[in-house]
Amino acid sequence: MSAEGRGMSAESPTGAFEAYADQLIHAGFLMFRLRSGRGIDQKLRGMPVVLRELIVAGGELSPGQLAKRMGVSDARVANILRSLEERGLVTRTGATKDKRRVVVTITDTGRVAADKIRDEGIEMVADFLKELGEEDARDLVRVVNRVIEVMEDRRREGRQVLMGPDAQGE
């Protein structure tokens, strides 16, 4: 149902941006419902994100740093790290200066796995973008990058970036 169908229009007292926001929130809801099956969802949960964060950080982070970067609980990170360590994708060791502090390091096997997951993700997204067509794909990338700029500006300014109960604790 369009924003107009829910009683909103660009001419309504709420204005055009509120109507766009309503349409975008509704589209996000529909995209969530239409997402792929459980197999892909599981693949995108946790482990690949930890591996990517470790690579971006230069190979090692503390569990707390990972939790903060990912926006998840320490307990969730601990579970992910246990799975990754069992697979030989990361190691956990005591920090050199403070043995009470744990350092998570990506292994060579972890780097290979992360690269494979990234390549599969690129292929999947590229197939989707091909269906959008070159112009729409280019516009989508441009708009998403612009959204990231606005979010970074808002965070730098101390303004709310996300909505919901966790928004204030970013």
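Buried means under 20% relative accessible area, exposed means over 50%, and partly exposed lies in between. The exercises below apply this to a predicted model.

**Exercise 1. Classify Tyr 20: buried, partly exposed or exposed?**

Step 1. Take the value: Tyr 20 has 47% relative accessibility.
Step 2. Compare it with the cut-offs of 20% and 50%.
Step 3. Tyr 20 therefore counts as partly exposed.

**Exercise 2. Find the aromatic pair and state its geometry.**

Step 1. The count comes to one aromatic pair. Its members are Phe 17 and Tyr 20.
Step 2. The ring centres lie 5.9 Å apart. The cut-off for pairing is 6.5 Å.
Step 3. The planes stand at 85 degrees. Over 60 degrees counts as edge-to-face, so Phe 17 and Tyr 20 are an edge-to-face pair.
Step 4. Check the partner's cover. Phe 17 has a relative accessible area of 68%, so this residue is exposed.

**Exercise 3. Which helix gives the most to the nonpolar surface patch?**

Step 1. List the members: Phe 128, Leu 132, Leu 140, Val 144 and Ile 148. Together they have about 410 Å² of accessible area.
Step 2. Two elements give two or more residues each: helix H6 (108-132) and helix H7 (134-156).
Step 3. H7 gives the most, with three residues.

Methods: Residues numbered from 1 in each chain as written. Predicted model: local features only at pLDDT ≥ 70, side-chain atom pairs only at ≥ 80, totals over all residues. Heavy atoms only, no water. Patch = residues over 30% accessible without salt bridge, like charges linked within 9 Å, V, L, I, M, F, W, Y side chains within 5 Å. Areas by Shrake-Rupley, 256 points an atom, 1.4 Å probe, with all protein chains shown as cover. Salt bridge = Lys/Arg side-chain N within 4 Å of Asp/Glu carboxyl O. Helix = DSSP H or I, 4+ residues; strand = E, 2+ residues; numbered from the N terminus. Phe/Tyr/Trp six-rings, centres within 6.5 Å; stacked < 30°, edge-to-face > 60°. Buried < 20%, exposed > 50% of the residue type's maximum accessible area, 1.4 Å probe, protein only.
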